Amino acid sequence: MIHNKVIYGNVTVLDLAMALIILIVSIGVAKGLVLYTRRLLKEKVDKGQLEIFAKVLYYVIIVTAVLVALPFLGVKPSGLLVAGGVVGLAIGFASQSIIGNLISGIFLIIERPIKMGQSVNIEGTVGIVEDIRIMSTTLRTFEGLFVRIPNQKVFTTNITNYVANVARRVDYTIGIPYTAEAENAISLIKKLIEAEPFALKNPEPVVYVDNLGDNSVNLLVRFWAPVSEWFSIKTKMLWRMKKALEEEGIEIPFPQRVLWFANELKGSVKADPESVVGKEAEAENLS
Amino acid sequence: MFGSYNIPVELREGEISVSLHREQDVLIYHRECLGDACDKRMFSKAEKILMVPTEPVTLPKAITPYLFIKFDKTLLLEPESTARIYVTFPVEIGVFASGGGKPQFIDGFTLAQKKFTLYGEPSTGKICRYWNSDIHTTIPEWDRLWEGIMELNIQNTDTDWVEVKKAVFNAYGIKIFYDQGMVSMKSIMKLRPGDTAETSFESSPIKAGMKKSVERYTLKKISVATGKFVMEHGL
């Protein structure tokens, strides 16, 4: 019978088939369970936590299945532990970065400095966290690029999480002319901030004369916004302030320089007689 | 303006106008409020619409379930005492299509000022809908279309005097009641040692005969969340 045919050692075709069946069934069961768990807990558990739980569940089932299947292939898991000491040392040296990424991935999952869906800056790469896997973290940049960063790098580098806190400050420096009343401009800007629902009442917004610049009196404007609305408010409010100031006759000044000459310039501007005659003729024709 | 109306309907009051009529199988909805307009087309067999006050935390965008009421004057409570005060809260009006099953939310609008604030620190605090109210010992005068009346029962269980300048509530616990003249809520604030408090709502109106409104923020059966709120960032 073919199923009793020995392939190697004591392992027969039947044993090999059993091992394969266990692995295939366990992969199917793991995927099914993960899918069912995701559906069941979708609205009850935070998305990030749910993904971590789903991954842990998946790998626990797969590792258990491998341990169950190994004896069919003539490998005893207890024997692996003994051999693992020596082999592990060799593999450890050979795959330092892989192990480093794995350990970093575990620590990232435990410490959770970033979560899926958050806007972050990891070593200059700015984007939204798409996935935190065992070996790497993937970002979707705002230009739509896919970036994979090894977990060891994520764990050891500086991370800026733009949405970890519930509120974020908006800062502007707005220049007004020296001839304008700063009090009027400040009052106008404060009214605009008060009228905007997402410019938070507390922490209290501040608007004040920050410095006397080369070309303008510079006002510093600071207010807070919910982190989910921060970008839209930041872009919208600056334009509103510019328009409101202009409507009040307060122009945002251009850079300008007043030149003083040591000697008074002596000269005069004379009109071109031909062009004057030409213009008089045009005026006569029109009348 | 609050209540149930048969379709077609055309309502107009002050700055608000709402109309809903059927054209063949489609319901044509149009609403205007303070210059803001909303138009929707619905494929529904609904025969009625409900216009009722809803949890005042959803406009202009539902970014938080918390309502923060800042008192105009500081309230001082002596040890182990209780106080009943009345404050106002913003009214948001919800329009629901009412057919056979659960009312379906169509639109929401408000005449009240829309403003948000932060309760606590940016790292640990909560974004809340902001409202400023004077404190009254009797039911004050109000404009029913944009202000509701909340009866707030404060219990000081501490052995010290307590200063209260604000109250924060969770929309998941809000129970709103209404009639043609008033929108109301009844709430409890239990002051705890260490400048903390717990707020919750009672499921009863502040006067007899008021109807319970539709709840948009409902707790799921299997949920660890409650409708209470613990004020741990100061009073």
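This is a predicted model: local features need pLDDT of at least 70, side-chain atom pairs count only at pLDDT 80 or more; totals for chains, interfaces and linings use all residues.
R12(B) is exposed, at 65% relative accessibility. Its salt-bridge partner is E10(B), with the closest N and O atoms 3.8 Å apart. E10(B) is exposed as well, at 61% relative accessibility. The cut-off for a salt bridge is 4 Å, so the 3.8 Å between E10(B) and R12(B) falls within it.

K212(B) is partly exposed, its relative accessibility being 40%.

Now a pair within a helix. K242(A) and E246(A) form a salt bridge through their side chains, at 3.0 Å from N to O. How far apart are K242(A) and E246(A) along helix 7 of chain A? They are four residues apart in that helix, which spans residues 230-247, and therefore about one helical turn separates them. As for accessibility, K242(A) is partly exposed at 27%, and E246(A) is partly exposed at 28%.

Over all chains, the structure holds 19 salt bridges. How many are counted between chain A and chain B? The count there is one. K61(B) and E229(A) meet in a salt bridge through their side chains, with 3.1 Å from N to O.

That brings us to the interface. Polar contacts across the interface of chain A and chain B come to 10 residue pairs, with both residues at pLDDT 80 or more. On the chain A side, the elements giving two or more residues are helix 6 (182-195) and strand 10 (217-226). By residue type, the side of chain A that touches chain B has 10 nonpolar, three polar and six charged residues.

In all, chain A puts 19 residues into the contact and chain B puts in 17. About 1,600 Å² is buried between the two chains, and carbon and sulfur atoms give 62% of that area. Which three residues supply more than any other three of the area that chain A buries against chain B? They are V166(A), P197(A) and K201(A), which together supply 32% of it.

Next, the strands of chain B. Strand 7, residues 66-77, runs antiparallel to strand 14, residues 162-170, and eight bridges join the two. One facing pair there is L77(B) and V162(B), the latter in strand 14. Strand 7 of chain B is also joined to strand 12, residues 126-133, by five bridges, and these two run parallel. In that pairing, I69(B) stands opposite W131(B) of strand 12. As a general point, side chains in a regular strand alternate between the two faces of the sheet.

Last, chain A as a whole. Its secondary structure comes to eight helices and 10 strands. The chain has 287 residues, and 29% of them are buried. Of the contacts in chain A between residues at least 6 apart in sequence, 60% join residues at least 24 apart.

Methods: Residues are numbered from 1 along each chain as its sequence is written. Chains are lettered from A and ligands numbered from 1 in the order in which they are written. Side-chain values use heavy atoms; hydrogens and water are left out. Buried means under 20% relative accessible area, exposed over 50%, partly exposed in between (1.4 Å probe, protein chains only). Contact means heavy atoms within 4.5 Å. Buried area is the accessible area (1.4 Å probe) that two parts lose on being put together, summed over both. A polar contact is a pair of N or O atoms within 3.5 Å; within protein, one must be able to donate a hydrogen and the other to accept it, and residues adjacent in sequence count only if both atoms are side-chain atoms. Ala, Val, Leu, Ile, Met, Phe, Trp, Tyr, Cys and Pro count as nonpolar, Asp, Glu, Lys and Arg as charged, and the others, Gly among them, as polar. Two strands pair if DSSP finds at least two bridges between them.
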